[in-house]
Amino acid sequence: MEIVYSLWPKIAWYISLRYLFIAGGAYLLFYILFRNQFFQRKIQLVFPKNRRVWMEVIYSMQTTIIFATIFLLVVIVLRPYTNLYKDTDQYGVVYYLFTIPVMFVIHDTYFYWMHRAIHHPKLFRHIHFVHHQSTNPTPLAAYSFHFSESILEALIIPIIAFTLPVHTSALVIFLLGQFIINVYGHLGFELFPPKFQKTWIGRWINTSVAHNQHHQYFQGNYGLYFLFWDRWMGTLRKDYDEAFDEVKNRKEVIHGELQGNK
């Protein structure tokens, strides 16, 4: 356990810096520096109050501590009992690369069903309510969870480690990728091009509009990376396509209105 105590501050610091650099950087770009330039892409045409933003940061800092703790418990204390391996030659480079998208699929499945479960009325207030206080989320809400939900979110680490033979560095890459995608989901701006949600691949990819709808209305669109489970389980909001088109067509509409007012 001595190594855990020595590494814990470094890992916690790394995860906190990652949060501040990626989520904070997105907030700086979209909500401060270029808010006017990107405004037409804003999903909800209002900006959250500063008090709400600070609460997102405070809760997220708590989450970074929990993620650091569970990560170290898995990769060091519980490592002998997991499927984590050190030598990349043990399974080869192809398998190493293969595990990264597989981890995203495993996580998406876990997240969808866990997410639906904590929306149950008996669980929502005690677990998920903190996250849903951000009805108009910013990227800083990516880790804004109640203590109990932070643990549920971090459980994907042992789930993967005990399920899939995976190299530790591949696990770290996955955790970085999942956080970047999570920040995009809470960005509050839609970056995909018009009609993307109707393309053969876009039909299955979660978008910022989709997750923003979930925060705004509290129902439907439970997925994280993909829309497979939402489409299969009938939980994709019926107004999703319309909402996506409204955001992407807004620039033309506003431009047309400005032209008409000249």
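The largest nonpolar core in this predicted model has 66 residues, and F71, M103, I157, L171, F174 and F179 are the ones that touch the most other members. A nonpolar core here is a set of buried Ala, Val, Leu, Ile, Met, Phe, Trp, Tyr and Cys residues joined through side-chain atoms within 4.5 Å. Buried means under 20% relative accessible area, exposed means over 50%, and partly exposed is in between (1.4 Å probe, protein chains only). At least two residues of this core come from each of α1 (2-33), α2 (50-77), β1 (84-85), α3 (92-117), α6 (156-163), α7 (168-185), α8 (208-217) and α10 (240-261). Helices (H or I, at least four residues) and strands (E, at least two) are DSSP runs, numbered from the N terminus. In soluble globular proteins, nonpolar side chains tend to be buried together.

As for conventions, residues are numbered from 1 along each chain as its sequence is written, and side-chain values use heavy atoms, with hydrogens and water left out. Since the model is predicted, local features need pLDDT of at least 70 and side-chain atom pairs count only at pLDDT 80 or more, while totals for chains, interfaces and linings use all residues.

Leaving out residues up to four places away in sequence, I157 touches F67, F71, V74, L171 and L175. Two of these partners, F71 and L171, are also listed with I157 among the core residues that touch the most other members.

With neighbours within four places in sequence set aside, Y110 is in contact with L152, L155, I156 and I159. Y110 counts as buried because its relative accessibility is 18%. Its C-alpha atom is separated by 18 Å from that of T207, 97 residues away along the chain.

Zooming out, the protein chain has 10 helices and two strands, which run α-α-β-α-α-α-α-β-α-α-α-α from the N terminus on. The radius of gyration, taken over C-alpha atoms, is compared with a globule rule of 2.2 Å times the number of residues to the power 0.38. For 262 residues, a compact globule would come out near 18 Å, so the chain's 19 Å agrees with the rule. Along the principal axes, the C-alpha atoms fill a box of roughly 70 × 40 × 40 Å. Among contacts with a separation of 6 or more, 76% are between residues 24 or more positions apart.

The accessible surface of the chain is about 13,500 Å², and 67% of it belongs to carbon and sulfur atoms. These areas come from the Shrake-Rupley method with a 1.4 Å probe; for residues, only the protein chains shown count as cover. On the charge side, the mean positions of the 23 positive and 16 negative charges are 5 Å apart. Lys and Arg count as positive and Asp and Glu as negative, with His and the chain ends not counted; each charge is placed at NZ of Lys, CZ of Arg, CG of Asp or CD of Glu.

The loop between α8 and α9 (228-233) holds F218 and also N221. Neither is a glycine, yet phi is positive in each: about 70° for F218 and about 55° for N221. F218 is partly exposed at a relative accessible area of 26%, whereas N221 is buried at 1%. From F218 to V94, C-alpha to C-alpha, it is 40 Å in space and 124 residues in sequence. V94 lies in helix α3 and counts as exposed because its relative accessibility is 70%.

Another loop residue, P137, sits between α4 (121-132) and α5. At 0% relative accessibility, P137 counts as buried. Not counting residues up to four places away in sequence, P137 touches Y31, E56, H186, L187, G188, N212 and H215. Q62 is 75 residues from P137 in sequence and 18 Å from it, C-alpha to C-alpha. In helix α7, I180 counts as partly exposed at 43% relative accessibility. I180 and A26 are 10.0 Å apart, C-alpha to C-alpha, and 154 residues apart in sequence.

Terms used: Contact means heavy atoms within 4.5 Å.
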